[in-house]
Amino acid sequence: VQLQASGGGLVQAGGSLRLSCVASGSIFSINDMGWYRQAPGKQRALVAVITSDNKINYADDVKGRFTIARDNAKNTVDLQMNSLKSEDTAVYYCNVNIQPSPLWRSSEYWGRGTQVTVSS
């Protein structure tokens, strides 16, 4: 199983970016899909998560600005980030809970991080 994230970059405060993460490989089912971020000197923290039945949770500091969505047919999870602030600057990681086959239990997989830099 591999996770490939894309969409990071440099943007001015108030701008928007869209992150995308696609899961590939041996996949029987996908449970929770989410995004985390880690700013310099800080611990990795949850940004948003979406369950297999589309229940969504956001971190308080991104509510109303970020939107998470999944496409089960394409095994993707996207994060639309609007009204970006300098404090959103971080490395963003996708995290997906996947059951590779009916005989295997589910595990969490992490994508390589993608840098998001918001200039003020």
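Reply: Helices (DSSP runs of H or I, at least four residues) and strands (runs of E, at least two residues) are numbered from the N terminus. The model is predicted: local features need pLDDT of at least 70, side-chain atom pairs count only at pLDDT 80 or more, and totals for chains, interfaces and linings use all residues. Residues are numbered from 1 along each chain as its sequence is written, and side-chain values use heavy atoms, with hydrogens and water left out.

As to the part requested, the search of the whole structure finds one disulfide, the term being applied to a pair of cysteine sulfur atoms within 2.5 Å. In general, such a link is a covalent bond between the sulfur atoms of two cysteines. Here the partners are Cys21 and Cys94, with their sulfur atoms 2.1 Å apart. Because Cys21 belongs to strand β3 (residues 17–24) and Cys94 to strand β9, the bond ties together parts that are 73 residues apart in sequence. The torsion about the S-S bond is about 50°, and the disulfide is therefore right-handed.

Accessibility is judged by relative accessible area: buried means under 20%, exposed over 50%, and partly exposed in between, with a 1.4 Å probe and protein chains only. Both partners are buried, Cys21 with a relative accessible area of 1% and Cys94 with 0%. Over the whole protein, 41% of the 120 residues count as buried.

Tyr36 lies in strand β4 (residues 29–38) and is partly exposed, at 22% relative accessible area. Leaving aside residues up to four places away in sequence, Tyr36 touches Val91, Tyr92, Tyr93 and Asn95, together with Arg44, Ala45, Leu46, Val47 and Trp110. The C-alpha atoms of Tyr36 and Val49, 13 residues apart along the chain, are separated by 8.7 Å.

Ser83 is partly exposed, at 40% relative accessibility, and its phi is near 50°, a positive value in a residue other than glycine. Another such case is Asn75, with a positive phi of about 55°, located in the loop between β7 (66–71) and β8 (76–81). Most residues other than glycine have a negative phi. A further loop, between β5 (45–50) and β6 (56–58), holds Asp53, which is partly exposed at 48% relative accessibility.

The wider setting can be stated briefly. The radius of gyration, taken over C-alpha atoms, is compared with a globule rule of 2.2 Å times the number of residues to the power 0.38. For 120 residues a compact globule would have a value near 14 Å, and the protein agrees, with 14 Å. The C-alpha atoms fill a box of roughly 50 × 25 × 25 Å along the principal axes. Among contacts between residues at least 6 apart in sequence, 54% join residues at least 24 apart.

Definitions and conventions: Contact = heavy atoms within 4.5 Å.
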